[in-house]
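Here are some notes for a first look at this model. Please read them beside the sequence and the structure.

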Amino acid sequence: MDERQLRILRELGELGSVTAVAEALLVTPSAISQQLRLLQRAIPVPLTERQGRRLVLTDAGQVLAGAAIEVETALERARHTVAEFVDRPDGEVSVAAFHSAGSAFFPLLLRGLAAPGGPRLSLADEDVPQDDFPPLTREYDLVLAHRLEHAPEWPGTVTASTLLREPLDVAMPADHPLAAKRRLTPRDVADQPWITVHDGFPLMATIDAIATAAGRRLHLAHRINEFAVVAEAVAAGGGLALMQGVMRQQVRTVKRSTHGVM
């Protein structure tokens, strides 16, 4: 049963005929009859009965029609509450983001919405595999997630908007033999140790693609999800790593602090 079917049942009890209900709701009588039949399928006892040429409510129908009034009242109250929330500029907005997106966007949000009367922010870091981002929308108003272009699309249960597209860079020490090359091929990096994310995270798909193109398995020396830590590990000679665009400023900071090792 749904709200519209319950309203039709209530209207039938008040107006006394299918034709009158159809006129009140600006639909055809056949549409009203169809909705009543759909409602009846969900209820194990008869809701209507014939009295001559009229269709009237049974006792069970009258009870359900009374409950329909309570349902409509509750729904209207809920709509009013939502409308009030939307009209309130100082309401709370919860935002979740994976680590590197949080480092890029959280300070901008905090500074940009710091004025009195603006929405209150509730920020949280959620570093999860791609498949686990959609369920987070049950807990947060907004979720900043990552997805590679060749990865599966987001499910139809969420609405997704692209904020930006990030290039991927290969990070290595400045004195690495490959550092002088402007572009690298999969074969160039296939015999190098790699610092990668854990399984299930988007960058692993790119690592797998590099291995496939090179025709050999890569040596995954370290598994680190936090890019700031990855940058430090690369600077210390732990291996090559893929870096996302939002981490470039942080990598440059590490580069300065380690006297240009990155």
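Is Leu26 buried or exposed?

1. Leu26 counts as exposed, at 76% relative accessibility (exposed is over 50% relative accessible area, buried under 20%, partly exposed in between, with a 1.4 Å probe and protein chains only). Leu26 sits in the loop between α2 (18-25) and α3 (29-41). Although Leu26 is not a glycine, its phi is positive, about 60°.

2. On the source: the model is predicted, with pLDDT of at least 70 needed for local features and 80 or more for side-chain atom pairs, while totals for chains, interfaces and linings use all residues. Residues are numbered from 1 along each chain as its sequence is written, and side-chain values use heavy atoms, without hydrogens and water.

3. Helices (H or I, at least four residues) and strands (E, at least two) are DSSP runs, numbered from the N terminus. An open sheet of three strands has the order β4-β3-β5 and parallel pairing (strands pair if DSSP finds at least two bridges between them). β4 (120-125) and β5 (142-144) are at the edges with a single partner strand each, so one side of each has no neighbour in the sheet.

4. Strand β3 (residues 92-97) is joined to β4 by six bridges. Ala96 is opposite Ala124 in β4.

5. In α8 (residues 203-214), the buried residues are Leu203, Met204, Thr206, Ile207, Ile210, Ala211 and Ala214. They lie on the same side of α8, because they cover an arc of only 160° around the axis (the arc of directions from the helix axis to the C-beta atoms). Just after α8, Gly215 has a positive phi of about 75°.

Technical notes
The expected span of a helix is 1.5 Å times one less than its number of residues.
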